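Here is a short walk through a fold.

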Amino acid sequence: MTDRNEREIKALREKCPQGARIVGLTGGVSSGKTVATDALKSEGYNIVDADEISRRLVSRGSALEQTVKDNFPECTCDGELDRRALRALISESPAAKHKLNKLTHPEIIKATEAAVQAAPKPVVLCAPLLFECALARLCDCVVCVTCPQPERVRRLTLRDGVSCDDAIGLIRSQLDEPTRVSLSDFCVPSDIPQNEFIDEITVLFKRITDFCHPKRSE
């Protein structure tokens with residue numbers, strides 16, 4: 001546990017004597033958030049994943065997907081949304097990214113807020129755009145998963161089959177890591193052996209949720 005994390009735990013105890021009820025989990029693309037949420041889910045935490053909500057809302061045949069297709073006809077093929085082309089476009093064009101966010105974020109934010117409110121506590125709100133979408137205001141504290149850019153590029157190219165240049169473009173289209181870290185309460189690096197990363201995450205969450213932490217099911 002880093003000195004910074006220890007200091008923030010003490011500050012959180014004063015703010016939330018019974019422990020955090022809503023914990024934000026954020027980090028850039030391919031930083032390790034999925035590994036973290038899988039580990040926390042196995043420990044009994046309730047997870048609200050903003051990315052999953054976004055994918056559901058913009059799934060094939062949805063009203064929001066149609067809105068995106070209507071506004072980005074250059075990212076359609078035979079009437080279907082070409083999601084890879086759309087990702088490439090918004091990584092290259094700040095204007096296109098702003099346009100897409102303006103179309104989709106209000107619905108995603110509304111659905112995410114509703115899911116957080118309905119979830120049994122403590123709940124982990126996982127959102128790569130936690131700060132950009134102002135979802136951090138829902139959280140008692142925020143944990144940021146960090147990872148050096150070369151490792152994130154490697155993970156992205158392996159996971160999504162994109163080029164290094166496209167991976168770098170996608171990373172740079174998001175909030176930069178130093179800013180994300182400065183806005184977060186706790187930070188956990190993921191560029192360590194996975195078992196050590198999982199241990200760091202689960203120990204930290206047990207400490208910050210305190211008495212609200214559910215017992216792991218046998």
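Helix H3 (residues 50-57) packs against helix H6 (residues 94-118) at an angle of about 125 degrees, and their axes lie 10 Å apart. Axes are lines fitted to C-alpha atoms, for helices over the stretch in contact, and angles run from 0 to 180 degrees between N-to-C directions. H3 and H6 are therefore oblique (under 35 degrees is roughly parallel, over 145 roughly antiparallel, 65 to 115 roughly perpendicular, the rest oblique). H3 contributes Ala50, Ile53, Ser54 and Leu57 to the contact, and H6 contributes Glu107, Ile108, Ala111, Thr112 and Ala115 (contact means heavy atoms within 4.5 Å).

This is a predicted model: local features need pLDDT of at least 70, side-chain atom pairs count only at pLDDT 80 or more, and totals for chains, interfaces and linings use all residues. Residues are numbered from 1 along each chain as its sequence is written, and side-chain values use heavy atoms, with hydrogens and water left out.

Now the sheet. Five strands form an open sheet in the order E2-E5-E1-E6-E7, with parallel pairing (two strands pair if DSSP finds at least two bridges between them; helices, H or I of at least four residues, and strands, E of at least two, are DSSP runs numbered from the N terminus). E2 (46-49) and E7 (186-189) are the edge strands, each with a single partner, so one side of each has no neighbour in the sheet. Four bridges join E2 to E5 (residues 123-126). Asparagine 46 stands opposite valine 123 in E5.

Two helices lie across these strands. H10 (residues 194-209) lies across E1 (22-26), E5, E6 and E7, at about 165 degrees to E7.
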